[in-house]
Amino acid sequence: MDNENLYIGCHVSMSGPEYYLGSVKEALSYEANTFMFYTGAPQNTIRLPLERLRIDEGRALIKQSGLDESKIVVHAPYIINIANQLNVDTYELGKKHLLSELKRTYAFGPKILVLHPGSHVGTGEENGLESIVKALDEVLDQDGTDVKIALETMAGKGSEMGTSFEQLKQIISSIKHPERVGVCLDTCHINDNNMDVANFDEVLSNFDKVIGLDKLLVVHVNDSKNPLGAHKDRHENIGYGYLGFETLNKVVHHPLLKGIPMILETPYYEGNPPYKKEIEMFRKQVFEDWR
């Protein structure tokens, strides 16, 4: 896949005083042509009013810079858990804030909201799946937007849901609005959940067979600090983990993934963001030892 069809970027912050305008500027400073952001802190549901977030200025800079707004991604806060109905307050809070995040995503302009499917917290996989389907049906009946939810593949820690393509397929095929839901494939997570990214053609073929490639909306491109099947979920800088640069470069440039946003979530190194160098390496398709 040539670089003209490559949409690659990273997670960026959104903080005052520039807020969304600052997010766009940060992405451009890394020479990214897409990015992912949270509409507030990922660890909580406290959200500033949209009118304070300099959205119009950010969108104007996106247009001026020639970025494709449809390739920009929002990530829902981690604390949303719609896979467990035992704690009614938590479940209702999850639905409430998922609905809010869909509306906020729409206000910013992007069309994709990445969501961790949640944890069944000991109630069992089938209960978890039933809870997720019920919540998605309620939320998507109400939100009134065209934003799609991308359920993220998870590493398999504890009682996490979304740990197999079959689980994700069951969710998508069971909801009332399957056209509104797809998948975010995380390379670190699937490695840690015992899918061999080194054999990515096989992984992608299985994804297509079980779910369908038309449902793949986003790829999170992360190396892993842990070996295949570790179930740990610890991201590493590109080329410094168990996956390695060559394997991840094949993912990024895979011809079947043309046009899909590729988002880096790799850790800062010695307090500095690695994204400009990592993006450059993928564009050149050459690893450079920068650490």
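Which residues does T34 touch, not counting residues up to four places away in sequence?

Author: Happy to. Keep in mind that this is a predicted model. Leaving out residues up to four places away in sequence, T34 touches Y7, I8, G9, C10, A27, K71, I72, P261, M262 and I263.

So where does T34 sit? You'll find T34 in strand β2, which covers residues 34-37. Its relative accessibility is 0%, and since buried means under 20%, T34 counts as buried.

Now zoom out to the strands. β2 is one of 8 strands that close into a barrel, in the order β1-β2-β3-β4-β5-β6-β7-β10, with parallel pairing. From one strand to the next, the twist averages 30°. In general, strands of a sheet pair through backbone hydrogen bonds, and they can do this in a parallel or an antiparallel way.

Strand β7 (residues 216-221) pairs with strand β10 (residues 262-264) in the parallel sense, over 3 bridges.

Next, the helices that pack on the sheet. Helix α5 (residues 165-174) touches β5 (148-152) and β6 (181-186), and the direction of α5 makes about 160° with that of β6. Helix α8 packs on the sheet too, touching β1, β7 and β10, and its direction makes about 160° with that of β7. Because 6 of the 8 residues of α8 (residues 245-252) are buried, this helix is largely enclosed by the rest of the structure. The buried ones are F245, T247, L248, N249, V251 and V252.

Finally, have a look at some loops. Between β1 (8-11) and α1 (19-29) there is a loop that holds P17, and a cis peptide bond joins G16 and P17, with omega about 5°. R54 is not a glycine, yet it has a positive phi of about 55°, and with a relative accessible area of 28% it is partly exposed. V121, in the loop between β4 (112-115) and α4 (125-142), also isn't a glycine but has a positive phi of about 50°. V121 counts as partly exposed, at 49% relative accessibility.

Notes. Residues numbered from 1 in each chain as written. Predicted model: local features only at pLDDT ≥ 70, side-chain atom pairs only at ≥ 80, totals over all residues. Heavy atoms only, no water. Buried < 20%, exposed > 50% of the residue type's maximum accessible area, 1.4 Å probe, protein only. Helix = DSSP H or I, 4+ residues; strand = E, 2+ residues; numbered from the N terminus. Contact = heavy atoms within 4.5 Å. Pairing = 2+ DSSP bridges. Axes fitted to C-alpha atoms, helices over the stretch in contact; angles between N-to-C directions.
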